[in-house]
Amino acid sequence: MFDRGHLTSFDDARWGTEPLRNGLDTFFFTNCAPQSVAFNEHAVWRRIESWAALKGDEGRVLIFNGPIFDGPRSTRLSNGERKLQPDNSRVPDPILQGVAIPKQYFKIVVYREGDRLAAQAFVVTQESYLEDFGLERREVAQPTPQQLSLYRVPLAVVSRMASVDFDPLAAQVRQVNQLLEDPPQIIRSMDDLDR
């Protein structure tokens with residue numbers, strides 16, 4: 001049921017003067033976490049990963065990502081999607097054969113936007129996959145605007161949930177979204193993502 005999920009994909013790391021070596025560096029366990037096959041390869045996590053790789057000048061981006069340990073439970077919406085509840089109490093991750101399986105993962109994408117840096121942060125949950133083992137394989141597609149708006153969060157939320165201090169980064173970039181601090185941004189088209 002689980003992949004040793006690459007937090008940074010092989011394809012996204014193949015750049016520079018030694019692209020093969022850089023790509024192969026993603027195969028170390030320090031870049032892996034237990035992820036449902038469907039979540040890792042075909043669901044929103046993979047879609048955001050593919051979308052992020054295309055941001056910025058010539059696709060050059062800086063990506064921070066990792067598991068959120070013992071994150072708060074999300075709420076299941078009527079359409080089957082999950083809504084994050086970042087301010088809820090933390091809940092221990094499920095244990096399978098002695099291994100804790102993170103419910104949620106964060107991804108922060110930093111890219112050049114003209115002469116400035118911009119950042120977008122996401123927290124994505126695999127809770128549905130932890131509850132349901134019988135998912136069909138699907139082709140990788142771009143995340144829908146609704147999925148991006150459901151999972152996009154401010155850097156401060158990722159810092160708090162992952163217990164990683166991203167304040168120095170936040171001070172250097174224009175954060176594309178400030179959900180919770182600013183009024184929510186309504187996403188109606190892919191063009192709205194770049195505002």
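**View 1. Ser163 in the loop between α7 and α8 of the predicted model.** Ser163 is found in the loop between α7 and α8, where helices (H or I, at least four residues) and strands (E, at least two) are DSSP runs, numbered from the N terminus. This is a predicted model in which local features need pLDDT of at least 70 and side-chain atom pairs count only at pLDDT 80 or more, whereas totals for chains, interfaces and linings use all residues. Residues are numbered from 1 along each chain as its sequence is written, and side-chain values use heavy atoms, with hydrogens and water left out. Ser163 has a positive phi of about 55 degrees although it is not a glycine. Most residues other than glycine have a negative phi. With a relative accessible area of 64%, Ser163 is exposed (buried means under 20% relative accessible area, exposed over 50%, partly exposed in between, with a 1.4 Å probe and protein chains only).

**View 2. Asp70 in the loop between β3 and β4.** Asp70 lies in the loop between β3 (61-68) and β4 (75-76), and its phi is near 55 degrees, a positive value in a residue other than glycine. At 34% relative accessibility, Asp70 counts as partly exposed.

**View 3. The aromatic pair of Trp51 and Phe122.** The structure holds three aromatic pairs, a pair being rings of Phe, Tyr and Trp (its six-membered ring) with centres within 6.5 Å, where planes under 30 degrees apart count as stacked, over 60 as edge-to-face and the rest as tilted. In one of these pairs, the ring centres of Trp51 and Phe122 are 5.7 Å apart and the planes stand at 85 degrees, so the pair is edge-to-face. Because Trp51 lies in helix α4 (residues 44-52) and Phe122 in strand β9 (residues 116-125), the pair ties together parts that are 71 residues apart in sequence. Both Trp51 and Phe122 are buried, and helix α4 is itself mostly covered, with eight of its nine residues buried, among them Trp45, Ile48 and Trp51.

**View 4. The aromatic pair of Phe106 and Phe166.** The rings of Phe106 and Phe166 have their centres 5.9 Å apart and their planes at 70 degrees, so this pair is edge-to-face. The pair links distant parts of the chain, with Phe106 in strand β8 (residues 104-113) and Phe166 in the loop between α7 (155-162) and α8 (167-172), 60 residues apart. Both Phe106 and Phe166 are buried, and together with Phe64 they form one aromatic cluster.

**View 5. A nonpolar surface patch at Leu20, Leu24 and Phe27.** Leu20, Leu24 and Phe27 form a nonpolar patch on the surface, with about 310 Å² of accessible area together. Such patches are made of residues with over 30% relative accessible area and no salt bridge, like charges being joined within 9 Å and nonpolar side chains (Val, Leu, Ile, Met, Phe, Trp, Tyr) within 5 Å; a salt bridge is a side-chain nitrogen of Lys or Arg within 4 Å of a carboxyl oxygen of Asp or Glu. Accessible areas come from the Shrake-Rupley method with a 1.4 Å probe, and for residues only the protein chains shown count as cover. Leu20, found in helix α2 (residues 19-24), is exposed, with a relative accessible area of 54%.

View 6. The chain averages a pLDDT (the predictor's confidence in each residue, from 0 to 100) of 76, and 81% of the residues score at least 70. Over residues 133-140 the pLDDT stays under 50, and the model has 14 contacts (heavy atoms within 4.5 Å) for them beyond four places in sequence. Residues 179-184 also have pLDDT below 50, and this stretch has six contacts in the model beyond near neighbours in sequence.
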